[in-house]
Amino acid sequence: MIQKIRHKGLKKLYEDDSAAKVNPDHADKLRRILARLDAASKRQDMDLPGYRLHELKGQRKGTWSVKVSGNWRVTFRFEGSCATDVDFEDYH
């Protein structure tokens, strides 16, 4: 279950199914990622082919990332069985 979404466009996509504030080229994959993240109870549930799940390093240790496109990633943390601090970012 998703507990907290930081990115406003991602939150609007999740809550209202409105892609108005995200790149339209990313909208379908973001919907799939959000649906999977909402159903996930642990980070390993996000380890799907093409998602390239990996943990970030340094000060962001404990934050996980899945690939959307190019440098764009959905990042998140798990607290218990809930995903939190879900964000959509170009962090490279």
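Trainee: Let's start with α2. What do its buried residues pack against?

Mentor: In this predicted model, the buried residues of α2 pack against α1 (8-16), β2 (64-69), β3 (72-79) and β4 (82-90).

Trainee: Which residues of α2 are the buried ones?

Mentor: They are Ala 27, Lys 29, Leu 30, Ile 33, Leu 34 and Leu 37. Their arc around the axis is only 155 degrees, so they sit on the same side of α2.

Trainee: And what is exposed on the other side of α2?

Mentor: Asp 28 and Ala 39 are exposed there.

Trainee: Why would residues three or four places apart point the same way in an α-helix?

Mentor: An α-helix has 3.6 residues a turn, so residues at that spacing point the same way.

Trainee: How many residues does α2 have, and how far does the helix reach?

Mentor: Helix α2 covers residues 27-39, which is 13 residues, and reaches 18 Å from its first C-alpha to its last. That is close to the 18 Å expected at 1.5 Å a residue.

Trainee: Which strands does α2 lie across?

Mentor: α2 lies across β2, β3 and β4, and runs at about 155 degrees to β2.

Trainee: Switching to the sheet, what is the strand order?

Mentor: The order is β1-β2-β3-β4, in an open sheet of 4 strands with antiparallel pairing. β1 (54-55) and β4 are the edge strands, each pairing on one side only.

Trainee: How many bridges join β3 to β4?

Mentor: There are 7 bridges between these antiparallel strands. In one of the pairs, Val 74 has Phe 88 of β4 as its bridge partner.

Trainee: What else does Val 74 touch?

Mentor: Leaving out residues up to four places away in sequence, Val 74 has contacts that include Leu 30, Ile 33, Val 66, Val 68 and Val 86.

Trainee: Which residues touch the most other members of the largest nonpolar core?

Mentor: Of the 23 residues in that core, those are Leu 30, Leu 37, Met 46, Val 66, Val 74, Phe 76 and Val 86. The elements giving two or more residues to the core are α1, α2, β2, β3 and β4, and α2 gives the most, with 5 residues.

Trainee: One more: is His 54 buried, partly exposed or exposed?

Mentor: His 54 counts as partly exposed because its relative accessibility is 30%, which falls between the 20% and 50% cut-offs. His 54 is found in strand β1.

Trainee: Which residues does His 54 touch?

Mentor: Not counting residues up to four places away in sequence, His 54 touches Thr 63, Trp 64, Ser 65, Arg 73 and Tyr 91.

Terms used:
Residues numbered from 1 in each chain as written. Predicted model: local features only at pLDDT ≥ 70, side-chain atom pairs only at ≥ 80, totals over all residues. Heavy atoms only, no water. Expected span 1.5 Å × (residues − 1). Buried < 20%, exposed > 50% of the residue type's maximum accessible area, 1.4 Å probe, protein only. Arc of directions from axis to C-beta. Contact = heavy atoms within 4.5 Å. Core = buried A, V, L, I, M, F, W, Y, C linked by side-chain atoms within 4.5 Å. Pairing = 2+ DSSP bridges. Axes fitted to C-alpha atoms, helices over the stretch in contact; angles between N-to-C directions.
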